[in-house]
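Here's a quick briefing to read alongside the model. Have the viewer open and follow along.

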Amino acid sequence: EEGKQEIVFKDLPSASYAISVFHDENDNGELDKNFVGLPKESYGFSEVTGLIVKLPSFTKCSFDVAGDTSITVKMR
C-alpha cells in the first residue's frame, strides 16, 4: 500500500525493544539534517506520539514483545 511499509522480525526473544527508522530519501546512507540540526528526511520512533523536541530515550520508545506483536511507527 502506498505510504506504508511492513517489516517482519521473526522469532524474537521475549524482551523490551525500541525502533527508530528514517526514510533515506536521497539514498546517501544517512539522515540528512538542516543547518540547525533538524531532520530533512522522514523519521519515526516506536511508542512516540506528538511533537519530538529531542531524541527520545530507549525507555520512552520501548515496547514489550511476548509472542506475536504488532506496532505502528508514525513517520514525521
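Is Ser 46 buried or exposed? Ser 46 is buried, at 0% relative accessibility, where buried means under 20% relative accessible area, exposed over 50% and partly exposed in between (1.4 Å probe, protein chains only). Keep in mind that this is a predicted model, so local features need pLDDT of at least 70 and side-chain atom pairs count only at pLDDT 80 or more, while totals for chains, interfaces and linings use all residues. Residues are numbered from 1 along each chain as its sequence is written, and side-chain values use heavy atoms, with hydrogens and water left out.

**Overall layout**

- The protein chain has one helix and four strands, and these follow the pattern β-β-β-α-β along the sequence. Helices (H or I, at least four residues) and strands (E, at least two) are DSSP runs, numbered from the N terminus.
- The C-alpha trace spans about 40 × 30 × 20 Å along its principal axes.
- Of the 76 residues in the protein chain, 17% are buried.
- Take the contacts (heavy atoms within 4.5 Å) with a separation of 6 or more: residues 24 or more positions apart account for 53% of them.

**Confidence**

- The average pLDDT (the predictor's confidence in each residue, from 0 to 100) is 91 for the protein chain, and 99% of the residues score at least 70.

**Ser 46 and the loop around it**

- Ser 46 sits in the loop between strand 3 and helix 1.
- Leaving out residues up to four places away in sequence, Ser 46 touches Ala 18, Ile 19, Lys 60, Cys 61, Phe 63, Ile 71 and Val 73.
- Ser 46 and Gly 67 are 21 residues apart in sequence, and their C-alpha atoms are 18 Å apart in space.
- Glu 47 is in the loop between strand 3 (43-45) and helix 1 (58-61). Its phi is near 65°, a positive value in a residue other than glycine.
- Glu 47 counts as partly exposed because its relative accessibility is 47%.

**The aromatic pair**

- A search of the whole structure turns up one aromatic pair. That pair is Tyr 43 with Phe 45, edge-to-face, at 6.1 Å centre to centre and 65° between the planes.
- For the cut-offs, rings of Phe, Tyr and Trp (its six-membered ring) pair if their centres lie within 6.5 Å; planes under 30 degrees apart count as stacked, over 60 as edge-to-face and the rest as tilted.
- Both Tyr 43 and Phe 45 are buried.

**Pockets**

- A pocket here comes from a 1 Å grid over the protein atoms alone: it is an open set of points where a 1.4 Å probe fits, with protein on both sides within 12 Å along at least five of seven lines, and lining residues have an atom within 4 Å of a point.
- Grid points are joined across faces, edges and corners, and a volume is the space filled by probe spheres set on the points.
- The largest pocket has a volume of about 1,000 Å³. It is lined by 25 residues, and Gln 5, Glu 6, Ile 7, Ile 19 and Ile 71 are the closest to its centre.
- By class, that lining of the largest pocket has 13 nonpolar, six polar and six charged residues. Ala, Val, Leu, Ile, Met, Phe, Trp, Tyr, Cys and Pro count as nonpolar, Asp, Glu, Lys and Arg as charged, and the others, Gly among them, as polar.
- The second largest pocket has a volume of about 300 Å³. Its lining holds 15 residues, with Pro 39, Tyr 43, Phe 45, Ile 52 and Leu 55 nearest its centre.
- Strand 2 (20-22) and strand 3 each give at least two residues to the lining of the second largest pocket, which splits into ten nonpolar, three polar and two charged.

- Asp 11 lies in the segment before strand 1 (15-17). Its phi is near 60°, positive in a residue other than glycine, and Asp 11 is exposed at 77% relative accessibility.
- Asp 68 comes in the segment after strand 4 (63-65) and is exposed, with a relative accessible area of 84%.
- Asp 68 and Val 53 are 15 residues apart in sequence and 32 Å apart, C-alpha to C-alpha.
- Leu 38 and Val 53 are also 15 residues apart along the chain, with 9.5 Å between their C-alpha atoms.
- Leu 38 is in the loop between strand 2 and strand 3, and touches Asp 32 and Lys 33, not counting residues up to four places away in sequence.
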